[in-house]
Amino acid sequence: MDFELRRAREKLEKEQKDRKQKAKLKLEREKKAKQEAVRQREAIEAVQRARRLDAAQAQAKATQQIEEELLAGRGVAFSRILEAVPYEGAGDKIKLPPSCFTELSDQGAFDKGPLHFRVSVVHQSSPSDLKDTEQNNRTTHAGVLEFTADDGAVELPPHIWNNLFPTDSPMAPMVEVCYVWLPKGTYAKLQPVEPGFSDIPNHKAVLETSLRQHATLSEGNILTVNHGVLAYHLRVLELKPSSSVSVLETDIEVDVMGADRTAESTNQCVLQPLIFGEVDAGVVTEGSYVYYKFILDEVNWGFISLGDVEVEIKVESDTQDGDTDLYVSKHPLLFPTQHQHGWSSHDIGSKSLVLSSRDLGLGPGTYSIGIYGFKGTTKYKVSVNIRDTYKSKSGQQPVSSTLSADADTVECRNCKHYIPSRSIALHEAYCSRHNVVCQHTGCGVVLRRDEAKNHVHCEECGLAFQKEEIEKHKKVFHVPLHCPCGIVLAKEKMVQHQSMECPLRLVTCRFCGDMVQAGSSAADARDRLRGLTEHESVCGSRTAPCDSCGRSVMLKDMDIHQVAVHQKN
């Protein structure tokens, strides 16, 4: 009996203990669940609070941006994110979609003067784009050319594209275009990236012509200036009165600094200065040019014009490894070539080119020397000297191919020279044995028999050369040359064609000072009578105020206006 009671009591105590343990575990689980619920609720509230703060900040930022755009645009708020598409054009004017025209027109932007826009690269979210934060922050300014781009796209000229994407272009670049108001510029400091820009005759006039195609300038941008077939790059260092200015209808004071010496070298030709009496050495490879320049001042030209001195350009080279050609031109032709030059020398080996007062086109100014690698790799030495005319003639005796036939002379039957009659028999015996006369029509040169085998004539022009010279002569003078305008001519006719007749030849505009293509004849008959080229006819139609009366007169009519109205010569 006691045993059963004890077992019943133990069983009851065990059950009570288990129930207490379960109740305790249940309370702990409920407590943990409540704590977890509190944590989750706090986390949700924190996220919601952060979202509300972000939304408030975004709203404040958007409001501030609108206010800044209104301030920058003077009451016009225009901003679009568009896909950038390149197009070939000059200057900095972009093409926008037609919808932008409507939005700008509704806000009266066209009543506030020329349109200017801030163009910024939109930050890309891909990992590869995040690496280049500098490129994602690039900004420049532009004008507008027309509203003909596709919806959702903006077409950028090379100037804007290269400043926004100087390295590799992204697959689908996005840019933000915002309307801004820009002050008119008063001062600009530019620095050429590569040397040679200051060699351009009247380079500031060339820069002015290039800036006519631009509506804005921004500090840090690279400005490309084209001069004929050459392209120079100038970095904008400083602008006034702000870091971005408008260049429309304003006069800007421009300072052009020296070239950046730390920039990487380019393949563009550079004129190396050459001083009279000094020698410069170098190496030229086949098919390439090395250029030099020298200045003929008024003092030296005065002596040359009197016939007292002459200019000697000498190139000494070794023909063992190659050969060179020498080309010389007067500025504004900066870089003489096979097609375009003023003077040339094609002698094998060392060559000397003498310029005197008898040469047409010679005068005070700057001259360029082009050393062309005709064959192989050639080491050379080049120099320019002013030498006295009498020195070049010293030691020379006047020699006549035929002496006057007087009573004491007889004509040699072999060489056709007149020899004293007392020695004619001895002379003819010696002459017929050792000399031979060239039988080519119009030649008649008397040669030693051992020299006769090297004396040959060109089949094309009939000129006489040594055997080793005839091959080069044919290549230089008789191989047809192709002009970019489509005409095929020999060298001499090609030089004349490209200097006087070719519509693609570069001429200096008398109104803007830039080197431009001559083009065809002017459309206006009066301009053709004045001798104006196609470009000058258009360029001269620009107006400028008369210095005497202030009236706006076309540039090409300014001289007539001065004579007819102000009686000035």
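Good morning. I begin with strand β10, where the bridge partner of His227 is Leu230. The model is predicted, so to speak of local features we require pLDDT of at least 70, and side-chain atom pairs count only at pLDDT 80 or more, while totals for chains, interfaces and linings use all residues. Residues are numbered from 1 along each chain as its sequence is written, and side-chain values use heavy atoms, with hydrogens and water left out.

Helices (H or I, at least four residues) and strands (E, at least two) are DSSP runs, numbered from the N terminus. Two strands pair if DSSP finds at least two bridges between them. By that rule, β9 and β10 are antiparallel partners over 6 bridges. Strand β10, residues 230-240, also pairs with β7 in the antiparallel sense, again over 6 bridges. Here Pro192 stands opposite Leu234 of β10.

I turn to helix α6, residues 203-211. Its buried residues (under 20% relative accessible area, 1.4 Å probe, protein chains only) are Ala205, Val206, Leu207, Thr209, Ser210 and Leu211. Their cover includes β7, β8, β9 and β12.

Next comes an open sheet of 4 strands, ordered β14-β21-β16-β19, with antiparallel pairing. Strands β14 and β19 stand at the edges with a single partner strand each, so one side of each has no neighbour in the sheet. From one strand to the next, the twist averages 20°. Strands β16 and β19 are joined by 5 bridges, and Val311 has Leu355 in β19 as its bridge partner. Helix α7, residues 298-305, packs on the sheet and touches β16 and β21, contact meaning heavy atoms within 4.5 Å. Thank you.

Technical notes:
Buried < 20%, exposed > 50% of the residue type's maximum accessible area, 1.4 Å probe, protein only. Axes fitted to C-alpha atoms, helices over the stretch in contact; angles between N-to-C directions.
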